[in-house]
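Hi everyone, thanks for coming. Let me put the structure up on the screen, and then we can walk through it together.

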Amino acid sequence: MQDSHDEIEQLKASLSITTVAEKLGLNVVKGRCHCFYPMRHAHGDRTPSLSFSEERGLFRCFVCPDVRGDVITLVEMLRDCSFNEAVRWLKDEFRPWMAVEQGTPAPRSNSTQSAVVERPKPPEISELQRMKVVLSFLKKLDPVDETPAKNYLIKRRIFKPVWDKMRLRYLTRYEEVSLELVKEFGLELLQRVGLFNEKGNLRYFKHRLIFPYLDSEYRSMYFQARTIERDVKQKEMNLAGKVPYPYNLQVLDGKPGWVYLCEGAIDTLTLVGRSMPAVGIPGVNSFKAEWVSYFKNKNVVICLDQDEAGRNGTKVIQELLNASEIKNTVNGSLLLPERFRMKEGEDMNDYFGGKH
Ligand SMILES: [Zn+2]
């Protein structure tokens, strides 16, 4: 069930951010603790940089521009989960009666002392199960050639050789694919992989253009979905769970060379179409510290959007790459004549003449 805005605010207001932080394993002393990304800090954040405000229910790191937020953000970051999963976890841990009110049957408990009701947790799904489901979904999709995605891509100056090379797909047969998947895997597994929502519907009804994240052997365990409709606010949807590696991983082959690091699949494909070695991260803040090793021997040009969020994200990525001594530079930092520079608010696709 989707929580209303009021319910979320009420839940946040009723929780102590320090208590939640401690439950997540952080050692909070006098409202402070070490940053989750010590490698971004001088001396591994020996003097704690992360502070909590009990009154405002917020946390922030003084160094990392992306390490800040409320109690839900904190759970999302530390458990590497979605917003909804974070809310569910908070309820399970701290407000189990709220979960019960929402129709989950209350398990019997002999303990009257504790307000916390133990709920059996479903076993984790294995990587293999997850991969099978994702591969089966991708197989049921169509090449973009004869679909509404064709014009969308052409307008953005992304053409057929790139569609084919990167195996772009479109969810044409929404109803049929949905039924086939349920028959094959059962709804529960599909929901846990994140392909189906809590109401039992296949996601991506409005996000039908699918970018598979191919690995070095052209298999795909992850994908990003995009809407081609103008009026849909959320343009992209990521599959729940960990992003295993950057988009277009083949480029990161360990051989010396340049690589352009872009934000989102569209920007990445824009450069791929110009025969530039480009990889993508799903969002401006989604670069993972554990990905740094993929960039071994590469000279990285960071090409995030020319805006506030892009600049902050760039700073974080630079710090991570610098810490591992991977050479990097920011796109546009070279002395280019004004007309060749990216304008404020532009992304790589705009820069290369893509139309919305
Ligand atoms: Zn930090």
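**A walk through the model**

Let's start at D80, which is exposed because it has 12 other C-beta atoms within 10 Å. For the cut-offs, a residue is buried if 20 or more other C-beta atoms lie within 10 Å of its own, exposed if 12 or fewer, and partly exposed in between, with the C-beta atoms placed from the backbone. Before I go on, please keep in mind that this is a predicted model: local features need pLDDT of at least 70, side-chain atom pairs count only at pLDDT 80 or more, and totals for chains, interfaces and linings use all residues. Residues are numbered from 1 along each chain as its sequence is written.

Back to D80, which sits in the loop between α3 and α4. Helices (H or I, at least four residues) and strands (E, at least two) are DSSP runs, numbered from the N terminus. D80 is not a glycine, yet its phi is positive, at about 50 degrees. As background, most residues other than glycine have a negative phi. R157 is another non-glycine with a positive phi, about 60 degrees in this case. You will find R157 in the loop between α7 (149–155) and α8 (160–165), and R157 is partly exposed, with 16 other C-beta atoms within 10 Å.

Now the overall numbers. The protein chain has 13 helices and 13 strands, and 32% of its 356 residues count as buried. Among contacts with a separation of 6 or more, 60% join residues 24 or more positions apart; a contact here means that two C-beta atoms, placed from the backbone, lie within 7 Å.

How do α3 and α4 cross? The axes of α3 (residues 71–79) and α4 (residues 83–94) come within 9 Å and cross at roughly 105 degrees. That makes α3 roughly perpendicular to α4. Axes are lines fitted to C-alpha atoms, for helices over the stretch in contact, and angles run from 0 to 180 degrees between N-to-C directions. Angles under 35 degrees count as roughly parallel, over 145 as roughly antiparallel, 65 to 115 as roughly perpendicular and the rest as oblique. On the α3 side the contact uses I72, V75, E76 and R79, and on the α4 side F83, A86, V87, W89 and L90. By class, that contact has seven nonpolar, no polar and two charged residues. In this scheme Ala, Val, Leu, Ile, Met, Phe, Trp, Tyr, Cys and Pro are nonpolar, Asp, Glu, Lys and Arg are charged, and the others, Gly among them, are polar.

α3 also lies across β3 (58–61) and β4, running at about 120 degrees to β4. Those strands belong to an open antiparallel sheet of four strands, in the order β1-β2-β3-β4. Two strands pair if DSSP finds at least two bridges between them. At the edges are β1 (32–33) and β4 (68–70), each pairing on one side only. β1 pairs with β2 (residues 50–53) over two bridges, in the antiparallel sense, and C33 stands opposite L50 in β2.

Let's move to the other sheet I want to show. Four strands in the order β11-β10-β12-β13 make an open sheet with parallel pairing. β11 and β13 (328–330) are at the edges with a single partner strand each, so one side of each has no neighbour in the sheet. From one strand to the next, the twist averages 25 degrees.

Which way do the residues of β11 point? In β11 (residues 278–281), A278 and G280 point one way and V279 and I281 the other, and all are buried. β10 (residues 257–263) pairs with β11 over four bridges, in the parallel sense; L261 stands opposite V279. The chain crosses from β10 through α11 (residues 265–272) to β11, in a right-handed β-α-β crossover. Right-handed means that, with the strands pointing away from the viewer, the path from the first strand over the helix to the second runs clockwise.

α11 is mostly covered, with eight of its eight residues buried. α11 lies across β10, β11 and β12 (298–303), at about 180 degrees to β11. α12 (residues 308–323) packs on the sheet too, touching β10, β12 and β13, and its direction makes about 165 degrees with that of β12.
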